[in-house]
Each structure stands twice: as structure tokens, then as C-alpha cells.
Amino acid sequence: MSLQQHIVARIRAEGPLRIDDYMTSCLLHPRFGYYTTHDPFGADGDFITAPEISQMFGELIGLCLAQSWLSHGAPSQFTLAELGPGRGTLMADALRACRGVPGFVDAANITLIEASPRLQARQRQTLQGYDIRWADTPDDLPEQPLYLVANEFFDALPIRQFIRDGDKWRERQVGQEDGTLVFGLGPDQPQPALKPRLTDTRQGDMIETCAAATPVADTIGARIEQHGGAALIIDYGDWHMTGDTLQAVRAHEKVSPLTTPGDADLTAHVDFETLAQAAACAHSQVTAQGVFLERLGITQRAQALARTMEKPALDAHVAAHRRLTHPSEMGNLFKVMGLYQTGSTPPPGLDP
Ligand code: SAH
């Protein structure tokens, strides 16, 4: 049986699925889910993420968090956490770079939050030699200062989609026709939680909600507000969004979200406003990734590394620097938001 057949059977039995149910099955189904069955990263995979493009990304993220830790008086016990660490590359690069910050790596309780057992095994391999623990949810993070990074994590969380119809909303669903998956719309219904969106949308506009993101941001914000720390949230998205951003990517190409369930990565853009509201601590301005990395000194780091390289590695290195920072590549599409304690200062590279 394929995931497609499994979903069609479910729809026949139970009726159309909400988009969040469909996404959860596609990504994390215990037998057929995308992250359960694939290692999606890199040139041979379906997409490439910033830490897989260049070691500079994880190095600068690590040093940014370590600088925050120093400016908070270098607490002797703290959690260094990552949400959705993929292959563990970002954390490995961060820890290597932070060996130059006395006390930081030794004091860190390193905690990874990863849903896929397959990727957990990969992270264990990448991070050999470090004392790492895995937690199921941010609620399991210890009550102590928290320094956290989430790169392309929130985009993987399941969303719901609603189309405005008068003062009511119709929910987008996944149905089936003769065994083929098709989008449909549920009946119009009042949605009290969406009332604020009646002021800034028009008939026919689509909006997305991500219920799974709220408790995650809420817990991270609570730890930071109570014990200190900083979080860096990096993803595609914006502050306050309208429109359909559900997308599927397979072998580096965009495909329909319905044609290859379980074999394509499925994501949606991240609404940083709802994350900031849920976190209820201080947040930085949402800053373009390219600007953030330049402020952290990526050009100087790139030049230092370039001195040790020869072609063709040098060409690849120059291309990677451009890919991470240039506005026409990842530099503008990806955004960074910092979370920090009220009354404190944002992590380096970000404005209050
Ligand atoms: N941060 C990595 C990987 C990004 S892909 C990088 O930049 O390369 C998304 C990651 O989040 C994967 O590791 C995926 O398995 C994980 N993930 C997706 N949904 C999750 C969930 N609900 N809980 C925990 N991890 C999840």
C-alpha cells in the first residue's frame, strides 16, 4: 500500500481531510511519512537548507547565541536547543565554532527536538562525541536559561487554510475523485478565532493558521522570559500574512501538494507575527537572512576560509556565500526573528 492509497481509503471512510491532517500524514506518517522515510537534504535529496550549503551558517548562528550568552553573564547552566535539526549539521558547526568561547560548550545542556527517528539517528552520528539528549516537545526543556535555534522548522508544521465567504469562512480540504486526490471546500462557518482577520481580508481571500506553532512559541517564550536566553527563528515567511503558501518540493522542483504524498516535502510560509504573539517575550524586527549574516560577519569568515581553498572548492565556496546572502537567492526570502527577555537586548545582528 502507498500513502496515496492509504489517504484515499481514509477519505472514503471518513470524508475529506483538513489540510493539517493531510500534511501530518504526508510528513510524519509512521510508515509512509516523508521525514520518516527520506533523508531529504542536499544535492541528491529534494531540497537543500542553509546549514547544508555552507559551514558558515551554523558557525555564525552558534557564535550569535554564544555572544548572547556572554552578554547575559555566561550562566553556568543552560540549555542549547535546536528544533528540527535535520542531519545535525547546524549544531555540529555551531559547537565547533563555539569551542573558542571559553566555558560555553562545557556548560551547555544540548537538547534536540526531532520527530523523525530516522533523522534522530542521523543527528546522533553527526554529533558523535557530544553529550546530546532528545526531547519530544519544548515542554520537556529544563527550567533554565535557553539558547535555541529553529531553521526551517516552523514551515514543516501543519496548517489549516480558510477562504473568506462574507463574514464566514470555508475550510480547504483534501477529497478524492476516482482515487485521485483533489482540493475542495467545506461549508461556510463562522470562525470566532478568525474574527480579527475580518478587518484586513476581503471576499475570497485565503488565510492560514498553524495551531501547532503556538504552544511551541509559547513555551520557548516562557523559558526565555523567566530564565533568560535567546531564540533565533529562521524561515521563509513574513510578518502578518494572507494567501495560499502551501507548497510541495521534490528533487529541487515545485510539484503539486497532492500528486506525490509522502514523497515530496510539504511546507507553508511562517507568520512571524503569530509566533511573536504566542511567545509573549521581547522579539526583534524580522530581518532578511542576508542582512543578518552580513551583520554577523559572513564576508570576513568567507574570506578567511577562502585563503585555505583552491579551485574548484573555492568556486563552490563563493557560490555558497552568495546563495545564503544574495537578495535574489536565499538572502531576502528567508527571514530571521530573535526572541529575548523583556528589558534585555536582541541577539547580535537583529534590531529591537
Ligand atoms: N533544520 C534543518 C532541517 C529542516 S527540515 C536544516 O536546516 O537543515 C525540518 C526538520 O524538522 C526535520 O528535521 C524534520 O524531521 C523536523 N520536524 C518536522 N516536523 C516536526 C515536529 N512536529 N516535531 C519535531 N520535529 C519536526
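Modeller: Let's begin with E171, which counts as buried because its relative accessible area is 11%. Buried means under 20% relative accessible area, exposed over 50%, and partly exposed in between, with a 1.4 Å probe and protein chains only. This is a predicted model, where local features need pLDDT of at least 70, side-chain atom pairs count only at pLDDT 80 or more, and totals for chains, interfaces and linings use all residues. Residues are numbered from 1 along each chain as its sequence is written, and side-chain values use heavy atoms, with hydrogens and water left out.

Colleague: Which side chain does E171 meet in a salt bridge?

Modeller: The general idea is that side chains of opposite charge can pair when their charged atoms come close. The cut-off for a salt bridge is a side-chain nitrogen of Lys or Arg within 4 Å of a carboxyl oxygen of Asp or Glu. Here E171 meets R160, at 2.8 Å from N to O. E171 is in strand β7 (residues 168-177) and R160 in strand β6 (residues 160-165), so the bridge ties together parts that are 11 residues apart in sequence. Strands are DSSP runs of E, at least two residues, and helices are runs of H or I, at least four residues, both numbered from the N terminus. R160 has 22% relative accessibility, so it counts as partly exposed.

Colleague: Which residues are linked with R160 and E171 in a network of salt bridges?

Modeller: R18 and D20 are linked with them. A search of the whole structure turns up 18 salt bridges.

Colleague: What about E14 and R10, where do they lie?

Modeller: They both lie in helix α1 (residues 3-14), 4 residues apart, which is about one turn of the helix. E14 is exposed because its relative accessibility is 56%, while R10, at 26%, is partly exposed.

Colleague: And D39, which residue does it form a salt bridge with?

Modeller: That one is R122, with the closest N and O atoms 3.2 Å apart. D39 lies in the loop between α3 (34-37) and α4 (50-53) and R122 in helix α8 (residues 117-126), so this bridge ties together parts 83 residues apart in sequence. D39 is partly exposed, at 24%, and R122 is partly exposed too, at 30%.

Colleague: On to rings. How many aromatic pairs does the structure hold?

Modeller: A pair of aromatic rings is described by the distance of the centres and the angle of the planes. Rings of Phe, Tyr and Trp (its six-membered ring) pair if their centres lie within 6.5 Å; planes under 30 degrees apart count as stacked, over 60 as edge-to-face and the rest as tilted. The structure holds 8 such pairs. In one of them, the centres of F41 and F47 are 5.4 Å apart and the planes are at 85°, so the pair is edge-to-face. F41 and F47 are both buried. Y236 and F334 also pair edge-to-face, with 5.2 Å between centres and 70° between planes. This pair links distant parts of the chain, with Y236 in strand β10 (residues 229-238) and F334 in strand β17 (residues 334-340), 98 residues apart. Y236 and F334 are buried.

Colleague: Which residues form an aromatic cluster?

Modeller: W69, F78, F104 and Y147 form one.
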